[in-house]
Every structure is written in C-alpha cells, then in structure tokens.
Amino acid sequence: QLHSDLDKGVGSVKYTLSGDGAGTVFTIDETTGDIHAIRSLDREEKPFYTLRAQAVDVDTKKPLEPESEFIIKVQDINDNEPKFLDGPYIASVPEMSPVGAYVLQVKATDADDPTYGNSARVVYSILQGQPYFSIDPKTGVIRTALPNMDREVKEQYQVLIQAKDMGGQLGGLAGTTTVNITLTDVNDNPPRFPKSIFHLKVPETSHIGSAIGRIRAVDPDFGKNAEIEYNIVPGDGGNLFDITTDEYTQEGVIKLKKPLDFETKKAYTFKVEASNLHLDHRFHSVGPFKDTATVKINVLDMDEPPVFSKPMYTMEVYEDTPVGTIIGAVTAQDLDAGSSSVRYFMDWKNDVDSYFTIDATEGTIATSELLDRESTAQYNFSIIASKVSNPLLTSKVNVIVNVLDVNEFPPEISVPYETSVCENAKPGQVIQTITAADKDLSPAGQRFSFKLSSEASNKPNFTVHDYRNNTAGIETRRNGYSRRQQELYFLPIVIEDSSYPVQSSTNTLTIRVCRCDSDGTIQSCNVEAIFLPVGLSTGALIAILLCIVILLVIVVLYVALRRQKKKDTLMTSKEDIRDNVIHYDDEGGGEEDTQAFDIGALRNPKVIEDNKIRRDIKPDTLRFTRHRPPAEDNTDIRDFINQRLQENDVDPSAPPYDSLATYAYEGNGSVAESLSSIDSLTTEADQDYDYLSDWGPRFKILADMFGEESYNPDKVT
C-alpha cells in the first residue's frame, strides 16, 4: 500500500503507478493506494520489478509529492526439479579395470534460487546399474564398483542416474538421466585353436605360391587385440610350405613353396603356432599368448605331363653345316607310376622352326637347311613333349641354337683412304694410319696383321708398320718425292686375320704426291688432297665457291670496262697510225709467231710511209695485201727503233700512254741476261738449266720445262 502524509482520507488525493509491469502485472487502487498482483508471478521468469508511484491532487491534477521508486522482489519457492541438460550420456571404460576407475561425471541443473533455502541443492544417486557402478552424491562422478568386469562376458551397461533437490529430503523434486557405458577391449585372451590337428589334401600338381588350405585360431578379443600371427614350427616338411595371415578373417593361409611329387613323398606333417601381435604387459602373468596345432598334408596322385631334364637347352652349330646333321637332343620323361612313353614335336609358331627338325621318339634335333651366321646368328624355338597315354598332357621347353662363325671372309681396309705425301717428306714419317674390318665375327675377337706385298717390299718408297692393335702406319722410306717425276704411288698392302683357316686380302692404297711448305702443310695438290684433309663442311665449301664465283665476275666486268675504255680512246684519234699496236694484257707467241705482226717492216722502214692502215682498230674498208720489198741487208734495227720512238714522242696526236713496242731487240740490264739462243755458243744439249730453280717461283715453269726429266715406269708403286 502507498500512502501520502497529505492524504486526509477525504478523497482529495489520487495515487498513480508506472514502471515495469504496471497495469499488466500490478495494479493500484487510486483512492487507497493498495497495490495488487493481477496474475501469477514466476521468479525463474522475472525475479523483481521496478515501479514508480506518485500522489496527485484530484482537483488540480498537480503532484502533491515527488515521484518515488520502489522494487517488488519475487520470493522463490521449490517449483523446479533438477534437469540433466547433456543427457542421455555415453561413456566407456576398459574391461578388467580396478574398483573406483573413473567412468564419467554427470551434472544436473535446478532453476530455483540457490541462495534461498534448499530448493536448488541437488543430490545424485543410482536407481539402476548397481552393483557394477557407483556415483558420488555431490559431484556426480561415476566410477566402477566391481573388479575384473570382462567385456567377453558383458559389454554394454545402462545406468539410471537420479538428481533430487531439497538435499534429497522428502518432498524434494527429482530428475533422471540414462548413462550407456561400454567396456572397451584389452588383450586379456590368448588365441586358441579349436582343434589340435588339421588335415589337408593337396594335389601334387598344385602350383608354387598357390593356397592349399586354411586354419584358424580363435581369439575372443576385438580389433587389434585379436590380430594373430601364424608361423610354421621348423620340422618335417616345413620348408616346403609357408603360412600367412588373412587380415580380414584372421585365418592362417598355407601356401606351397616348392613343388610336390606324389612319387617322392606322399604326406607331410608340421606344426603351426598362432600368437598375438599386440601384447598387454598387465596380463603376462596369465600365461603365454600363443597356441600350437599340428597340420597333416596328404599329397594326392595326379596324372602329370612329362618333365624335361633341363629348364632350357642351349646348342651350338657351325654355319654351312650339312643338312641333316644332329646338333643336340632334348629329354623328357613321365614321372607318374604308370611311366608312359613320350613323344616330341616342334612348336610351330614362326618360320625359324623350318630350319630344324626333331625326332619324335628320340628327341634329337637336326638341321633342315643350311645356316648362315651373317644372316641369323641365333635361333630360338620351343619343343613340346606329350604323353602317349594322354596326349593332352604336354610340357614345353625353350631351345636356343647359336650359329658359330666359319672364317670365310678375308679382312679389308675399313674405309677408303685419301693418302698424300709431301715432296719434302723425310724418311720414317707416318703419312697414314689404317684399320681393317672383317665380316666374320670371332668369339674371341679378330686380330689383323699388316704387311707389304712381296713385289712392293723391295721398292724404296714406302713401308708398312704393324702396331699389333689392328692398326698399321704407312711410313716413308725416301728423302723427298717429286710430283713432276711421279704424282701417284700405288701401295699393295696384305691384311691377314687370326681365325682358322687364315684369310687374307691385298688392298691397294693410293698415295698422291703434293707440294707442301716447311711445316708440312699442303700448298698445291688436286682437289681431294687440298680440301679433304681440311675437314670443311659442305656449307663452308659452298660459301667458298660462291665467293670465288663473285670475285671472278667482278674481275671479268673490270676487264671488259677497261677494254671498252681503251677502244673508245683509240677510235677518237684517227691520226694515230702505227704498224703494230701492242696490248699489255696479250702475250705474243715468240719468234715463231709470224701472225702477230709483219717482221718485214722491221727490215724495210720505207714501207711504213706507204702503209698507213691502223692495226689497233678494225678498218672500215677491206685491207689490201701489203707488198713488202725485201729488207735491205744493211738496215740497222736499232736505228729504226730509235726513229720510230722519236716520231711517237713528237707526234701531238699520239695517245697519252706509253706505246713503246719492242719487236725483236732485247735491251740490257736483265738479271737473267738474254734468253735468246741466237748468240748461244753451245747447243741445247750442252746447257744446264738447274740454276733456274734458284731464281724463285716466277721461273718455276721454265725450270720444269728445261730441267732434266726422266720417267722410270718401275718406280710406280
């Protein structure tokens, strides 16, 4: 109730209420000031309300006092039970855990006011799940209550937990939840074979590596704790078999390591041990975690194909062996108790088989065609053996025939050599190293020997030095060679191999004489001798030839322009009349050339005045035959030449170039003096022209022309 000191109880004061919940949750009597709740309150929904109240004059509507604020607090009662917000729970604990092993902690929440009374004080208890588990009443921690709980006995447990408020007293509210507890596996059980002896029957035709049987040991554990490893205990027959573990079924798979033979041994007995891979040291005291069983294998007799004595046959035969020659034999036999006969035949799959035949009864292999090692060095084919009693049972073996070489080809020079020797070569100089090749193939490798033929060994030009490593060197035996005397030498070389029978051949090596400098570099030789040793590529040779062609074209154009210019100059000077025009780029034929000019004009100078026709240009009209009077015996050629020289010097119409023409008179001052034979006191036979070789390269042609040259055909080797 609200009351103002100014309220005299005569109805002059009016009370108003505002704030949180005014008019909806709470209402006020305007005359008395009593506050009433118009609906039920829930502390868990709203624990308190803040309100404002004021007293106003009924007539003036003015506040009589300042507005006042007050709080209405909702008092709690135990109207909410505890709740497990995270339930139901799932937990696990290892089997064989000790008493008090922690499992899980549960928690219940009560919405009541924990500060007022015991409405929110919760106590935990187990309604279902005893005597296996226990719970702490205050903390809600669940623990194991029994020792050695075995997963293999019971794996799943469902525990019902209760939470009660009011401290568990009578009248308190309670809530429950379920906890599902699973016992996890530990390796507390060894593997055990369900029986002590396993019997297996295996055909003797079983293939190596194939599975011939399965055995299984039982382990009640789960997961990796149930993984089993199987091993064969060393003993009777254990080395013929192997055992592995199937990772999905944990069975022991027995496999065959070696072939079985009923005729050799009919039964095998061995022991197999099964053990866990992952051991738990806490349970070692229980005993060994392994078990042993005996496996007996009985070999079943089967009708088997013939068996060859070797897995593969290798034979050898010489090439050109006569047809029908036996080169070897294959052998197969039936190992069964019946011991049937065996027949042999070729596996006709390719053309190679046609070179050989096989005897169906004896198994001997013979040639059916001539063999050539150079064509095919090795033959590979298959032989099939079948039982007469059961032809469907066959076996196959591979046969390799190596064709041995017969020395039938002589060795030859491996490549054609371009050999050259310098004119200034010294004795003992190696001018070429040669190698040989042989079409035959010796298993130990061919060895070749080199020597000169008997007819060439006595000639003093060249010799052959065998290096004993299938190569030989060509060496000179003379001090210098003359290309002028002999340009080519043909050297016969005999090459022998080391096989039996010995084969040999005579190969002719062509040696060309070339001109070289003091260092041995070729200066003058044929095209092959100049370019081949250089080792230029085709592109480089083409580029050099193109440059030479371009230079030749430039020279030809230059000469043509010079001739054209000279012709135009001579044509402009019509007053220039001379008997002879000498071109500097034209060489005369000597004293015997009577077509170049008329020697008679030198004998008779008077003829010149009558003959005015120019010789340096083509005349426009026909030239008449010149009648030359006989030359006077007392004509002095020197005076004539001087007269002509003076006339040309003073002639203003003469061309502006030197046109001195020497006809038959040689001047003084030549280093070689006169080359004319007019004044020679001796005959040509008495002359010695060897000094021309000392005058240098310009007189080399004259030295070759007048030097002594004798040709001896016996020197051509």
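In which strand does K164 lie? I looked this up in a predicted model. K164 sits in strand β11, residues 156-164.

Leaving out residues up to four places away in sequence, I listed the contacts of K164, among them P82, R121, V122, Q169 and L173.

Next I searched the whole structure for salt bridges and got 15.

I noted K46 with D20, whose closest N and O atoms are 3.0 Å apart. K46 is in the loop between β3 and β4 and D20 in the loop between β1 and β2, so this pair ties together parts 26 residues apart in sequence. I recorded K46 as partly exposed at 28% relative accessible area, and D20 as partly exposed at 32%.

I also noted K387 with D334, at 3.2 Å from N to O. K387 belongs to strand β27 and D334 to the loop between β23 and β24, 53 residues apart. K387 is buried at 2% relative accessibility, and D334 is buried at 7%.

My next entry is K451 with E496, a salt bridge of 3.9 Å from N to O. This pair links strand β32, which holds K451, to strand β35, which holds E496, 45 residues apart. K451 is partly exposed at 44% and E496 partly exposed at 25%.

Last, I looked for shared partners: salt bridges join R151, E152, E155 and D185 into one network.

Technical notes. Residues are numbered from 1 along each chain as its sequence is written. This is a predicted model: local features need pLDDT of at least 70, side-chain atom pairs count only at pLDDT 80 or more; totals for chains, interfaces and linings use all residues. Side-chain values use heavy atoms; hydrogens and water are left out. Helices (H or I, at least four residues) and strands (E, at least two) are DSSP runs, numbered from the N terminus. Contact means heavy atoms within 4.5 Å. A salt bridge is a side-chain nitrogen of Lys or Arg within 4 Å of a carboxyl oxygen of Asp or Glu. Buried means under 20% relative accessible area, exposed over 50%, partly exposed in between (1.4 Å probe, protein chains only).
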